[in-house]
Amino acid sequence: MTVADAPPQIHKGLAGVVADTTAISKVDADTNSLLYRGYPVQDLCAHSGFLQVAHLLWHGELPAADALARLEAQERALRPIDRSLQALLLGTPTTCHPMDTLRTAVSWLGSEDAQEDDPAADTQKSLRLLAALPTVVAIDQRRRRGLDPIAPDPDLGYAANFFHMTFGAVPEPEVVRAFEVSMILYAEHSFNASTFTARVVTSTLSDLYSAVVAGIGALKGPLHGGANEAVMHMLAEIDGPDAADAWLADALAHKKKIMGFGHRVYKRGDSRVPTLQAALERIVELRGAHELLATHTALAEAMHRAKGLHPNLDYPAGPLYHLMGFDIPMFTPLFVMARITGWTAHIAEQLAANSLIRPLAAYEGSARREVPAGR
């Protein structure tokens, strides 16, 4: 058999395949640290706000004071949605998942946008989505609780305003800051499934909104973004920390997927987890939720003993968002609010040096055959 006749090597799930280059983020193998444009994400969480990180992802550098002030003013101005979209949201069945509502809202925003598809317009579209998606998510949680929408408050910062629109009040500064930290940690993660999906759509020279809608569809899956919801459902099934080992043993015996553990990229544990775990522990103290934290810790320890797996970012995110008051089905839309920055940064990067993404497949069906006569 010649080299040309050798069967192709198959990489299921594209595992290990390097599909392109990127300057947006990477996991530094030496330090096991996620870097955004070269900055360790834990350092960004300690010293930067979410809008500063958005600017970094979009433009390659952290903003100077005047650039940040302009970005903040633009974000505040772009928060309101028009009556037609609000009516659409209020009329969407409450039986659908909030990710369906969010996907529909992005399509609607795209239908309203008459801007040309060019880099300057796409930058403005990206900012519009960053500003408007919290308004959409807040309305969706409220309507599912039978509550009327609350208009955005331009006097409040990004995270504080989101709490105001969702709950009608701004919580303690520690809660607002913990939420912003979660947004920074969820903002970007290289060629993950939803980002790659957005880049595939972009590579066809489709528009930014279509690429984002596709990303939302990919993120909805429980093997990707939906894991933070699944984590909270799991914890709710466990009757306290002493029951964690037995619950896990039963779940593994029934081949149940245990969400929130392991990661294809990280082999020594997800580097984002310690930062969000610390935020979770601060909110546990504020809310007095020590039993939940004990169960959360016990399950993580049991999973490491049983399978040698470490938690990923979704594991602390689930209980954190729960303690902040968000309904479980809203957790993945919160992820979208953060990841819109990474998706749109990748859309711009794909367009800057575009090549249609079109992989091959190894055919394993029937050999060539003739159609029977009379068929």
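This is a predicted model: local features need pLDDT of at least 70, side-chain atom pairs count only at pLDDT 80 or more; totals for chains, interfaces and linings use all residues.
Residues are numbered from 1 along each chain as its sequence is written, and side-chain values use heavy atoms, with hydrogens and water left out.

Three strands, in the order E1-E2-E3, form an open sheet with antiparallel pairing. Strands (E, at least two residues) and helices (H or I, at least four residues) are DSSP runs numbered from the N terminus, and two strands pair if DSSP finds at least two bridges between them. Strand E1 (25–28) and strand E3 (39–40) are the edge strands, each pairing on one side only. Four bridges connect E1 with E2 in an antiparallel arrangement; Asp28 has Ser33 of E2 as its bridge partner. The hairpin of these two strands has four residues between them, and Asn32 there adopts a positive phi near 55 degrees.

Helix packing is described next. Axes are lines fitted to C-alpha atoms, for helices over the stretch in contact, and angles run from 0 to 180 degrees between N-to-C directions. Helix H2 (residues 50–59) packs against helix H6 (residues 119–144) at about 155 degrees, with the axes 12 Å apart. H2 and H6 are therefore roughly antiparallel, since angles over 145 degrees count as such, under 35 as roughly parallel, 65 to 115 as roughly perpendicular and the rest as oblique. From H2, Phe50, Leu51, Ala54, Trp58 and His59 make the contact with Thr123, Ser126, Leu127 and Leu130 of H6, where contact means heavy atoms within 4.5 Å. This contact of H2 with H6 comprises six nonpolar, three polar and no charged residues. In this classification Ala, Val, Leu, Ile, Met, Phe, Trp, Tyr, Cys and Pro count as nonpolar, Asp, Glu, Lys and Arg as charged, and the others, Gly among them, as polar.

Helix H16 (residues 331–352) takes part in a contact with helix H5 (residues 98–112), where the axes come within 8 Å and cross at roughly 35 degrees. Here Pro98, Met99 and Leu102 of H5 meet Thr332, Pro333 and Val336 of H16, giving five nonpolar residues, one polar and no charged. H16 also meets helix H15 (residues 314–324): their axes come within 10 Å and cross at roughly 110 degrees, and H15 and H16 are therefore roughly perpendicular. Asp314, Gly318, Tyr321 and His322 of H15 touch Phe331, Leu334 and Phe335 of H16. By class, these residues divide into four nonpolar, two polar and one charged.

Finally, the structure contains 15 aromatic pairs. Rings of Phe, Tyr and Trp (its six-membered ring) pair if their centres lie within 6.5 Å, and planes under 30 degrees apart count as stacked, over 60 as edge-to-face and the rest as tilted. The ring centres of Phe163 and Phe179 lie 5.4 Å apart with planes at 75 degrees, so this pair is edge-to-face. Because Phe163 belongs to helix H7 (residues 158–167) and Phe179 to helix H8 (residues 173–186), the pair ties together parts 16 residues apart in sequence.
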